[in-house]
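Here is a short note for a colleague opening this structure. Please read the points with the view beside you.

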Amino acid sequence: MDAKLFDRTDSWLKGGAGDTGHIAVSSRARLARNLGGFPFAPHAKPPALENVEKYIAEGIGRCERLGAFERLELAKLSGDERAYLRESRLISREMEQGGEHRVAWVSPEESTSILVNEEDHLRLQVVRTGLGIRDALEALKEIDAALADVVGYAWSERYGYLTACPTNVGTGFRASVMLHLPGLRQLKEIESGLQGIGHHGLTVRGFYGENSEFTGDFYQISNEITLGRTVDEIMDTLMLVVNRLVEKESEARLELFRHHESSVADAIWRSYGTLSFARRIGSSEAMRLLSMIRLGIDKGWFGDLSHAALNRLVLEVQPAHLERRRGREGKFDSRDEARAAFLRERVQAANGHHKDAAS
Amino acid sequence: MRCEQCGKADAVVRITRIESGAAPYQLCLCQSCAAKASPHQKKLLEKQSTYDVLLQKLMKHQAVGEFEAGGSVAEVAEEESPLTCPSCGLNFGDYQRTLMLGCPDCYESFSDVLEKDLTRFHRATRHTGSEEHKPSELANLQDRLRDARSELKSALEIEDYERAAFLRDEISNIESRMEELRTGEA
């Protein structure tokens, strides 16, 4: 595959995350769409999937707005390459499995992708840093309109956009925001903070999506309900809950430092020590340690390290990203050694103000 | 009763013969003897068999579904659960096992039972939204195909065979155009 793509990926991590960037890590908006007149992908046989893929490729070819998108055939990529794209949030876990006639179209700035023959014929998605969900939705609407012109969607007056699984029918819209909530977790207020989220038609997942644990205090909030509400209503509900959580987390962090400063500072600096000197670090340990560093950034303890830079570190210690670095440098026996070496270099370089912390 | 001519098959037709110089008399005949005895009966018999073949073809056609070429799920609908999508052949049980529908038409085919699930997932059964929707040629054809099929069914029920034959041609035209679009040979 195009090696340049790997060097360009994750550019959605760039850019300021705004004044909620210390809590809101990233946002993703996606739409599920299907073509009228074709069987849905899960029950379709390869010739039908091939026709769907050809039909969409032909449509995208006629569409000026999507002219610069790059076409990646999943079956032609290695498992490591697919894992890399998944970690970069360009493809889904489902697409990572590969499979015939599955294709990802990726925008030049790698924040937008069009997935073909996943659970639905089309999954369109845009990723943004911080609380950029509204921005992501605007970009998504543009892609959606461009595609609707060239392919035509399965639609009914009664049920809206028709999807293979009825859990996505209606708007086909899913918005999700990744939040970093170490304050609420440490004050043991996370459960009460997230209580009642289901009542709003929302759900919580971990860093790695469905069925994952809340590694590194990362929580993904997203809507489950897609039918009977407009896209704007879904967004408003999500933002209401997300903003309330951001507020609660801010308060929790204040309280944490006000009443438990010495134990929190101890935990943060121990994490810093481990990251600076350890020789082997596994990926979930790295997530836990980086989560603590992220909390210390609020206090200005790691002067050269921004929240955005830390977000990038979290991504770069994921297995496929690290494997690619290890392959390039070719000097580490194990992935955990490569991870520790990489983190030592980055974390030590970032630290300019650690003496301040003692004062 | 047996046919009065051959004495073998069941009699299904009663014809009245009027011959010059004799009183009219009636004969009870089987289908093939009747066809030999009367040109009108012969014609009727031919027509009958054409319609039988047509009818069988159409019924089979409906059951197998249009997605056969692209790979359909079920083969024949009749013996299985009556809840089968006529467009793609998916059985409702297949949906319940996988939570995945077979084609866009499944939403209409299963609407009554599906709405229970929709309520469970979304606490709603109707879409509300202001999205503008532009159907593709393919989606339009899909709608026309559905309409033509249901009209064909009614035509057969009321024995309007002329209309049924017309609809059969229409269906086959729509299908070949859809096939062209799908495979990009347009």
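How much area do chain B and chain A bury between them?

1. Chain B and chain A bury about 3,800 Å² between them, and 59% of it is on carbon and sulfur atoms. Buried area is the accessible area (1.4 Å probe) that two parts lose on being put together, summed over both. In contact are 41 residues of chain B and 48 residues of chain A. Contact means heavy atoms within 4.5 Å.

2. A word on the basis. This is a predicted model, where local features need pLDDT of at least 70, side-chain atom pairs count only at pLDDT 80 or more, and totals for chains, interfaces and linings use all residues. Residues are numbered from 1 along each chain as its sequence is written, chains are lettered from A and ligands numbered from 1 in the order in which they are written, and side-chain values use heavy atoms, with hydrogens and water left out.

3. Two salt bridges are found across the interface of chain B and chain A. A salt bridge is a side-chain nitrogen of Lys or Arg within 4 Å of a carboxyl oxygen of Asp or Glu. One of them joins B:Glu115 to A:Arg158, with the closest N and O atoms 3.5 Å apart.

4. Helices of chain B that each supply at least two residues to the side touching chain A include α4 (92-98), α7 (137-157) and α8 (161-183). Helices here are DSSP runs (H or I, at least four residues), and strands are too (E, at least two), numbered from the N terminus. The most comes from α6(B), with six residues.

5. Over all chains, the whole structure has 36 salt bridges. In one, A:Glu142 pairs with A:Arg65, and the closest N and O atoms are 2.5 Å apart. A:Glu142 lies in α5 (residues 133-150) of chain A and A:Arg65 in the loop between α2 (46-61) and β2 (70-73) of chain A, so the pair ties together parts 77 residues apart in sequence.

6. One helix contact in chain A also deserves a look. A:Pro319, A:Leu322, A:Glu323, A:Arg325 and A:Arg326 in α11(A) meet A:Arg335, A:Ala338, A:Arg339, A:Phe342 and A:Arg346 in α12(A).
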